[in-house]
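Here are my notes on the model, as numbered points. Please read them with the structure open.

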Number of protein chains: 2
Amino acid sequence: MTAFKETIAETAALIETALDDFLPTCDGPLGRVADAMRWGALDGGKRLRPFLVIAAADMFDAPRARSVRVGCAVEMIHCYSLIHDDLPAMDDSDLRRGRPSVHKKYDDATAILAGDALLTQAFEILAEEETHPDGVVRCHIALELARASGKAGMVGGQMIDIYAEQKDFDLAGVTQLQRLKTGALIRFSARGGGMVGGGSDDEVAALTAYAEDLGLSFQIVDDILDATQDAETLGKPAGQDAEMDKATFIKLLGMDGAKAKAAELVSSAKAHLDRFGDAAAPLKGAADFVFERKS
Amino acid sequence: MTAFKETIAETAALIETALDDFLPTCDGPLGRVADAMRWGALDGGKRLRPFLVIAAADMFDAPRARSVRVGCAVEMIHCYSLIHDDLPAMDDSDLRRGRPSVHKKYDDATAILAGDALLTQAFEILAEEETHPDGVVRCHIALELARASGKAGMVGGQMIDIYAEQKDFDLAGVTQLQRLKTGALIRFSARGGGMVGGGSDDEVAALTAYAEDLGLSFQIVDDILDATQDAETLGKPAGQDAEMDKATFIKLLGMDGAKAKAAELVSSAKAHLDRFGDAAAPLKGAADFVFERKS
C-alpha cells in the first residue's frame with residue numbers, strides 16, 4: 001500500500017500542476033468564472049480517474065505529457081459533474097471535499113457556467129495536437145469520453161439517481177445506476193490510458209474488464225463508507241443513503257455480503273491485468289486502495 | 001429574399017430530421033432527460049447557425065451528410081446554452097420560442113442535465129468518423145467549437161452578460177460582449193462549414209471575416225427588435241434591455257445610428273464573399289435576412 005500511496009500522490013501532483021496551467025485566472029467577470037472553475041477543479045480529491053489514465057498509459061510507455069492531458073480531461077468532466085450535482089436543484093450539497101461547494105462559494109449561475117466551461121474544456125484539451133499526434137486517436141478518445149459522460153453514461157446515471165424510485169431497486173437496478181453514474185468514467189479512464197498509450201484492442205479490452213470490476217467495487221465501498229463513516233472523515237454528508245431510503249448494495253447484500261462482493265471484485269479486477277506482468281502493479285495497487293480506503 | 005427563405009427552410013428541415021435521429025426517446029428516468037433534450041432542441045428557430053455551416057460547406061461541394069452533422073453539433077451547443085440561460089438562477093425566462101422553456105416544462109434539475117447532455121453530444125457527433133474521414137479535420141472542428149463555446153467564448157459572454165455593470169459599457173464593451181456571447185458560435189459556424197468542406201486557409205479566413213460582420217449586425221438587429229417589437233412577435237419577452245438599463249447599440253449609437261451600422265456591416269459581410277462568386281449567394285442571402293428579419 002505504501003508504494004501505491006506514493007505513486008498516486010505523485011500522479012495527483014502532476015494533475016494538480018497541469019490543471020493549474022489549464023485554468024488560468026483573469027480579471028473582470030471572466031475572472032469570476034475562471035476562479036469558480038479553479039475552486040471546483042483544484043486542490044481536490046485522490047485524482048483516481050487521472051491516476052487510472054496515467055497508470056494504464058505507463059504500461060505502454062506513453063509519454064506522460066500525453067497521458068496527463070487525457071487525465072486532466074476526465075478530471076474536468078468529473079469535477080464539472082460534482083459542481084452541477086451539488087446545485088440546490090440537484091443534490092443540494094453545501095460541502096465538497098470539506099470545503100464550500102462552488103455554488104456556496106460563488107452562486108448558482110456561476111456554478112452552472114463554471115461546470116459548462118469545464119465540460120467544454122475537457123474536449124478542447126483532447127482535440128489539441130499535444131494530446132496525441134494521430135488525429136484518429138484523439139477523436140477516438142474524445143468520442144469515448146463523450147459517450148461515457150453523456151446521456152448514455154454519467155448524465156444518465158445522475159438522472160436515474162434523482163428520479164428513479166430507488167427504494168424498490170433490485171441488484172440489477174443498483175448495478176445499472178452505478179455502471180452509468182460512476183462506472184462509465186472509471187471505465188473510460190482505464191481505456192483512455194490504453195488508447196493514448198497505443199494498446200492493442202485485446203489489451204484495451206483487458207483494461208476495460210479491470211475497470212468495470214474496479215468501478216463496481218468502488219461504489220460498493222462508497223455505500224459501506226456512507227453507512228459507517230462520519231461526515232468529517234468523508235468530507236461530505238454521511239448516512240444519506242439510509243436517510244433517503246435508497247436501495248444500496250448493503251441493503252440488498254447485507255454489510256458482510258457487500259464487503260465480500262467488493263473483495264471478490266477487487267480480486268477479479270486484478271486478475272484481468274495478469275497478462276501485463278509487473279507493469280500492472282500500480283493499477284493492481286489502485287484496486288487494493290479502492291477496497292481499503294476510509295474516505 | 002424568397003429564394004433565401006426557401007433555402008434556409010430546406011436546411012432547417014434537414015437539421016430537424018437529423019436532430020430527431022440524434023435524439024431518440026426512451027423509457028424510464030433516462031426517457032425524461034431524453035424528452036427534455038428533444039424539447040430544447042427540436043421544433044426550434046431559424047437554425048441560422050447550421051444554415052451557415054451547410055451553406056459554407058456547399059461552396060466547396062462538401063457532402064451534406066458531413067455538413068449537417070457539424071450543423072447539428074453547433075445547434076446542440078446553441079440549444080444547451082438557451083436551456084441553461086433560461087434557468088431561474090440565470091435569466092429566469094419562462095418562455096422560449098413561444099413555448100415553455102425546458103425547466104418550466106420539466107424542472108431545473110432535468111434542464112441542467114439535458115443541457116449538459118446536449119453539450120456533450122455535440123462533441124460526440126464531431127468525433128465520429130461520419131463527420132469527416134480525416135481525424136485531424138474532425139479534431140480541428142471540435143477544437144474550434146470548444147473554444148467558441150467555452151470560457152473564452154459563449155460561456156464567457158454569458159458570464160459578462162450576468163455580472164458586468166453593463167449600463168456603463170462603452171461601444172468596445174458592448175462589442176466585446178456580443179463577440180463572445182453570440183458572435184463566437186456564428187463565427188464558428190461559417191468556419192466549421194469551410195473546414196468540413198476542405199476550404200483553404202484563405203477561404204476560411206474570408207468566411208471568418210464575413211461571419212464576424214454578420215454576427216455583429218445580428219446583435220445590433222436583436223437590440224433593435226427588443227426595443228421595437230412585442231413579445232408575441234419575438235416569441236420571448238421584449239423591452240428587456242431598457243428595463244434592465246443595459247447599454248445597447250441603440251443607447252450608444254441612437255436608433256438611426258444602429259440601423260446604419262447594421263446595414264454597413266451587412267454590406268461589408270457580403271463583400272468578403274465576393275471571391276466565391278455565385279456560390280456565395282446563400283450566405284449573402286443570410287446577411288440580408290439577418291438585417292431584414294422581424295423576430
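1. E129(B) sits in the loop between α6 (108–127) and α7 (135–149) of chain B. Helices here are DSSP runs of H or I with at least four residues, and strands are E runs of at least two, numbered from the N terminus. E129(B) is exposed, because its relative accessibility is 57%. The classes are buried for under 20% relative accessible area, exposed for over 50%, and partly exposed in between (1.4 Å probe, protein chains only). From E129(B) to M244(B) is 115 residues in sequence and 46 Å in space, C-alpha to C-alpha.

2. Ground rules. This is a predicted model, where local features need pLDDT of at least 70, side-chain atom pairs count only at pLDDT 80 or more, and totals for chains, interfaces and linings use all residues. Residues are numbered from 1 along each chain as its sequence is written, chains are lettered from A and ligands numbered from 1 in the order in which they are written, and side-chain values use heavy atoms, with hydrogens and water left out.

3. Now the interface. On chain B, 46 residues are in contact with 46 residues of chain A. Contact means heavy atoms within 4.5 Å. The two chains bury about 4000 Å² between them, 77% of it on carbon and sulfur atoms. Buried area is the accessible area (1.4 Å probe) that two parts lose on being put together, summed over both. L113(B), K151(B) and M159(B) supply 17% of the area that chain B buries against chain A, more than any other three residues.

4. What polar pairing crosses between chain B and chain A? There are ten residue pairs in polar contact, both residues at pLDDT 80 or more. A polar contact is a pair of N or O atoms within 3.5 Å; within protein, one must be able to donate a hydrogen and the other to accept it, and residues adjacent in sequence count only if both atoms are side-chain atoms. The rule also finds four salt bridges across this interface. A salt bridge needs a side-chain nitrogen of Lys or Arg within 4 Å of a carboxyl oxygen of Asp or Glu. R147(A) and E124(B) form a salt bridge through their side chains, at 3.4 Å, N to O.

5. Which helices of chain B supply at least two residues each to the side that touches chain A? They are α2 (28–41), α4, α6, α7 and α8 (154–163). The largest share, twelve residues, comes from α6(B). The residues on this side of chain B divide into 29 nonpolar, eight polar and nine charged. Here Ala, Val, Leu, Ile, Met, Phe, Trp, Tyr, Cys and Pro count as nonpolar, Asp, Glu, Lys and Arg as charged, and the others, Gly among them, as polar.

6. Cysteines. The whole structure has zero disulfides over all chains. C72(B) is in none, with the nearest cysteine sulfur, that of C79(B), 9.9 Å away. The cut-off is a pair of cysteine sulfur atoms within 2.5 Å. C72(B) is buried, at 0% relative accessibility. The C139(B) sulfur is 3.4 Å from its closest cysteine sulfur, in C139(A), so it is too far for a bond. C139(B) is buried as well, at 3%.

7. Two aspartates. D223(B) lies in helix α10 (residues 201–228) of chain B and is buried at 7%. A polar atom of its side chain lies 3.1 Å from the backbone nitrogen of F249(B). D85(B) belongs to helix α4 (residues 64–85) of chain B and is buried at 11%. Leaving aside neighbours within four places in sequence, D85(B) contacts M90(B), D91(B), D92(B), Q158(B) and K181(B).
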